[in-house]
Amino acid sequence: MKPTLLILAAGIGSRYGSLKQLDQLGPSGETIIDYSVFDAIRAGFGKVVFVIRQSIEQEFKEHFAGKFSDKIEVDYVLQELDNVPEGIEVPADRVKPWGTGHAVLVAAEAIQEPFAMINADDFYGREAFETIGAWLAAREVEENTFCLLGYKLKNTLSDFGSVSRGVCEADEDGHLVSITERTKISRTESGIEFEDNGETQPLDEDTIVSMNIMGFTPKVFSYANEFFHEFIQAHSHELKSEFYIPTVMSRSINEKETDVELLTSEAKWFGVTYKEDKEAAVEALKELVAQGVYPAKLWDHSQEAV
């Protein structure tokens with residue numbers, strides 16, 4: 001059974017200033033999503049599921065129509081306020097969906113096999129898909145085992161503003177113990193620091209952090225459903241509260257005795273959190289093409305993704 005790739009592409013991109021999921025960065029107009037799907041195909045994935053918003057559905061589908069549907073099965077699910085499990089009442093004043101945990105949950109009916117979850121606007125690299133693809137291919141559907149592919153903090157920062165990262169802690173056997181969200185992380189003259197309750201604290205540059213590339217079996221859907229019900233009961237009055245997938249993973253470890261393996265990558269991540277990140281991303285992709293990692297025209301249908 002080939003694994004599936006779940007791409008979270010419903011974000012608004014308020015800090016970026018436009019629909020960054022469709023921003024063309026590659027030499028032939030490719031998006032970061034194009035590179036993720038290309039890497040997934042050559043790593044043995046058999047299906048890609050996009051989580052999108054109804055407001056961008058037509059534009060999104062038109063943009064990717066015919067690019068890779070002959071190489072991998074493609075499906076779409078909508079992350080909307082009313083797309084919630086039975087028994088949950090949506091607060092009348094709520095404006096937007098509930099974050100990454102909710103995004104994974106809406107894909108439950110579209111995925112029946114082990115799958116990897118990624119962000120649409122993050123470039124993870126060929127190595128990442130090979131590593132997590134091999135891990136998923138060895139899993140059984142009913143296994144209570146997940147994984148997280150972590151990056152060294154120094155390889156994940158933006159030059160144009162602070163970022164938030166999930167700091168990972170593992171035991172001596174390489175099993176994830178916890179993920180702690182750290183906000184306003186930036187590189188300063190003193191090193192890498194984050195802000196907590198108005199105070200800055202240091203972070204080691206080799207700290208392993210989550211970039212939201214994780215591997216799951218379908219077991220995660222039942223856990224997410226249970227935790228989401230509890231989240232709504234506790235936080236439905238908080239109109240900006242969000243239900244995060246790292247929370248689902250942490251609670252699965254603590255309450256469901258889920259084994260989560262912490263895989264690591266030496267690759268340098270890049271993405272488009274800020275508009276100023278675009279130029280660096282364009283140059284990084286141009287260099288990877290020059291090195292032969294990717295063809296200049298990614299979806300040249302005269303050749304396969306190899």
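Residues are numbered from 1 along each chain as its sequence is written, and side-chain values use heavy atoms, with hydrogens and water left out. Because the model is predicted, local features need pLDDT of at least 70 and side-chain atom pairs count only at pLDDT 80 or more, while totals for chains, interfaces and linings use all residues.

**Salt bridges**

Side chains of opposite charge can pair when their charged atoms come close. With a salt bridge taken as a side-chain nitrogen of Lys or Arg within 4 Å of a carboxyl oxygen of Asp or Glu, the count comes to 15 salt bridges.

Accessibility is classed as buried under 20% relative accessible area, exposed over 50% and partly exposed in between (1.4 Å probe, protein chains only). Lys 71 therefore counts as buried at 19%, whereas Asp 70, with a relative accessible area of 54%, is exposed.

Helices here are DSSP runs of H or I with at least four residues, and strands are runs of E with at least two, both numbered from the N terminus. Glu 283 and Lys 286 lie 3 residues apart in helix 7 (residues 277–290), so about one helical turn separates them; Glu 283 is partly exposed at 41%, and Lys 286 is partly exposed at 46%. Salt bridges that share partners also join Glu 230, Arg 251 and Glu 255 into one network. Within helix 6 (residues 245–255), Glu 255 and Arg 251 are 4 residues apart, which again means about one helical turn, and Glu 255 counts as partly exposed at 44%, as does Arg 251 at 22%.

**Negative patch**

Glu 169, Asp 171, Glu 172 and Asp 173 form a negative surface patch, a patch being made of residues with over 30% relative accessible area and no salt bridge, with like charges joined within 9 Å and nonpolar side chains (Val, Leu, Ile, Met, Phe, Trp, Tyr) within 5 Å. Asp 173 sits in the loop between strand 7 (163–170) and strand 8 (176–188), and its relative accessibility of 57% makes it exposed.

**A buried helix residue**

Ala 40, in helix 1 (residues 32–42), counts as buried at 1% relative accessibility. Leaving aside neighbours within four places in sequence, Ala 40 is in contact (heavy atoms within 4.5 Å) with Leu 5, Phe 45 and Phe 129.

How values were computed: Accessible areas come from the Shrake-Rupley method with a 1.4 Å probe; for residues, only the protein chains shown count as cover. Lys and Arg count as positive and Asp and Glu as negative; His and the chain ends are not counted. The place of a charge is taken as NZ of Lys, CZ of Arg, CG of Asp or CD of Glu.
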